[in-house]
Amino acid sequence: MPIKQPTGQKRLTNVAIVRLKKGGKRFEIACYPNKVTSWRNKVETDIDEVLQTPAVFVNVSKGEFAKSEDLKKIFDTDDQKAICLQILKKGELQVTEKERQAQLESSFRDIATIVADKCVNPETNRPYPVTMIEKAMKDLHVSVKPTKNSKQQALEVIKQLTEKEVLNIQRAYMRLRIIVPAKEGHRVRDKVKKVATKVEQDEFDEELNMVVLVDPGCYRELDDVVRTETRGKGKIEVLSLKEVNEGEEAIE
């Protein structure tokens, strides 16, 4: 009596194919969906959880295996698992048009979520709902670039939204505390005020103690000023990564 395989472990069904062209021939391996990216990102480390079968094919869909002599000639080994690792590392993941569209839609929402997390409406200092960011992105005809990560693309979207005034939006400010020895205090204070959006506290006794709101993009500049002017004696404390009023912006 044949042994039944679990429904989630059927061979060569619901498969993700990774293809590598080498030595004038095409080689493919059959993987579980979503596992290839996890393995390449070092989230999944067990190769047996990635490969549906440790075999090299010339055509997974037709179930045609690669010839041992071809593997030996092109990969200098006929160790199927070792070759699978090479293909997994260097090969191209094949996806259907439906899968590609689903990935793009998922990335689009990821980008919108990052933008919503990093930005506020400057009139209310409240974040926008993700749905409103998505609508603004569609109005801008933003297209997802699969080769760029979501954070990079989110920063580009923030720039476009700001420049084209599709949405009244700005980066949420960081709140920083700057503590500097009195000797360098006056010099540092002047430079900080030029960069800061708002100075909430400015005390000068035995040392300079300032609390300021700044655009996140200015953090590195301020850090350089404090370290350079004080020769490492001053310090910056991040009191909050983003200064926002709680709750979402209401949709009229």
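A pocket is an open set of grid points with protein on both sides within 12 Å along at least five of seven lines. The views below show a predicted model.

**View 1. The second largest pocket of the predicted model.** This pocket holds about 240 Å³ of space. Its lining is formed by Asp117, Lys118, Lys151, Leu155, Arg171, Ala172, Met174, Pro216, Leu241 and Lys242. At least two lining residues come from each of H4, H6 and strand E11 (235–243). Sorted by class, the lining comprises five nonpolar and five charged residues, with no polar ones.

**View 2. The largest pocket.** The volume of the largest pocket is about 770 Å³. It is lined by 27 residues, of which Thr37, Leu93, Val95, Gln103 and Pro146 are the closest to its centre. Two or more lining residues are given by each of helix H1 (35–40), strand E5 (92–94), H4 and H6. H4 gives the most, with six residues. The lining is made up of nine nonpolar, 11 polar and seven charged residues.

**View 3. The crossing of helices H4 and H6.** Helix H4 (residues 97–118) and helix H6 (residues 150–164) have axes that come within 9 Å and cross at roughly 60°. The two helices are therefore oblique to each other, and their crossing is right-handed.

**View 4. The contact between H4 and H6.** On the H4 side, the contact involves Ser107, Asp110, Ile111, Ile114, Val115 and Lys118. These residues meet Ser150, Lys151, Gln153, Ala154, Leu155, Val157, Ile158 and Leu161 in H6. Eight nonpolar, three polar and three charged residues make up this contact.

Definitions and conventions. Residues numbered from 1 in each chain as written. Predicted model: local features only at pLDDT ≥ 70, side-chain atom pairs only at ≥ 80, totals over all residues. Heavy atoms only, no water. Axes fitted to C-alpha atoms, helices over the stretch in contact; angles between N-to-C directions. Helix = DSSP H or I, 4+ residues; strand = E, 2+ residues; numbered from the N terminus. Parallel < 35°, antiparallel > 145°, perpendicular 65-115°, else oblique. Left-handed = near helix turned anticlockwise from the far one by under 90°. Contact = heavy atoms within 4.5 Å. Nonpolar A, V, L, I, M, F, W, Y, C, P; charged D, E, K, R; others polar. 1 Å grid on protein atoms, 1.4 Å probe; cavity = no way out; pocket = protein on both sides within 12 Å on 5 of 7 lines; lining within 4 Å. Points joined across faces, edges and corners; volume = space filled by probe spheres on them.
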